[in-house]
Amino acid sequence: MINHGLFCIYEQELCMSGKRPSGRPANQDASTALKAVALRRVRELGYEKISVSEIIEQAGVARQTLYNRWNTKADLVLEAVFEQSNTYAAEPSWDGAEDCRTLLEDFLIRIFEHLRIDGDTLRALITALLRRAQDRGELSPGRNVETLSALIHGAFWYRLLNRGVLDAGFAKEIVAETFA
């Protein structure tokens, strides 16, 4: 199974801890609508140009409905992108009907399509997280978040192109260097 990053780690920790959110179960229709609107609007206008107010209005839900599920717009968009990733990066069918060359080609085409559609969204989310860190005093205000975001992407692609390991350890190294 493919690891889809922070969202999967969060889900795994929640499941292993045995903790479940208290209160009444969340309405899945509302969650689905919020994620669909957020992802559509981010793709149309860019992350910085959409507001929580716009998302909840178009999803037809109350503000509290969004905040009962996610703490921030970034959290909502991240979850929506990772869920969408499952459709693009779904594990290939191993039933033997297709040759491996075709399976790999189809898989790569889906991955490239995902990056074409959501690459800007992912870059914007990293930049938004870095800006939030600056706002909270966790990252020096003198650091250029656009440059840091580009360096993070560069490190990722360099490692990928050179067959390096992309794992939690590498993610932690990038974050440690970013916040140094």
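A: The count of salt bridges comes to 8, in a model that is predicted. As background, side chains of opposite charge can pair when their charged atoms come close.

Start with the pair Glu79 and Lys35. Their side chains form a salt bridge, with 3.3 Å from N to O. Glu79 belongs to helix 5 (residues 73-88) and Lys35 to helix 2 (residues 28-45), so this bridge ties together parts that are 44 residues apart in sequence. Both Glu79 and Lys35 are buried.

The next pair is Glu48 and Arg131, a salt bridge whose closest N and O atoms are 3.3 Å apart. Glu48 is found in the loop between helix 2 and helix 3 (52-59), while Arg131 is in helix 6, so the parts tied together here are 83 residues apart in sequence. Arg131 is partly exposed, because its relative accessibility is 31%, and the buried range is under 20%.

Arg136 counts as exposed because its relative accessibility is 56%, and the cut-off for exposed is over 50%. Glu138 has 45% and therefore counts as partly exposed.

Salt bridges can also be linked to one another. Arg40, Arg41, Glu44 and Glu54 are joined in a network of them.

Now consider the setting of these pairs. The protein has 8 helices and 0 strands, and along the sequence the pattern reads α-α-α-α-α-α-α-α. Of its 180 residues, 32% count as buried. Among contacts between residues at least 6 apart in sequence, 55% join residues at least 24 apart. The protein exposes about 12,000 Å², and carbon and sulfur atoms supply 56% of that area.

Leu139 gives a view of a buried residue in a loop. Leu139 lies between helix 6 (100-135) and helix 7, and counts as buried because its relative accessibility is 3%. Leaving aside residues up to four places away in sequence, Leu139 touches Leu130, Ala133, Gln134, Val145, Leu148, Thr178 and Phe179. From Leu139 to Ala180 there are 41 residues in sequence, and the C-alpha atoms of the two are 8.6 Å apart in space.

The charged end of Lys73 sits over the ring of Tyr47, 4.1 Å from the ring's centre. Arg159 lies over the face of Phe170, with 3.7 Å to the ring centre.

Phe156, Trp157, Leu160, Leu161 and Leu166 make a nonpolar surface patch of about 460 Å². Phe156 is placed in helix 7 (residues 145-161). With a relative accessible area of 32%, Phe156 is partly exposed.

Key: Residues are numbered from 1 along each chain as its sequence is written. This is a predicted model: local features need pLDDT of at least 70, side-chain atom pairs count only at pLDDT 80 or more; totals for chains, interfaces and linings use all residues. Side-chain values use heavy atoms; hydrogens and water are left out. Patches are made of residues with over 30% relative accessible area and no salt bridge: like charges are joined within 9 Å, nonpolar side chains (Val, Leu, Ile, Met, Phe, Trp, Tyr) within 5 Å. Accessible areas come from the Shrake-Rupley method with a 1.4 Å probe; for residues, only the protein chains shown count as cover. A salt bridge is a side-chain nitrogen of Lys or Arg within 4 Å of a carboxyl oxygen of Asp or Glu. Helices (H or I, at least four residues) and strands (E, at least two) are DSSP runs, numbered from the N terminus. Buried means under 20% relative accessible area, exposed over 50%, partly exposed in between (1.4 Å probe, protein chains only). A charge sits over a ring if NZ of Lys or CZ of Arg is within 6 Å of the ring centre and within 35 degrees of the ring normal. Contact means heavy atoms within 4.5 Å.
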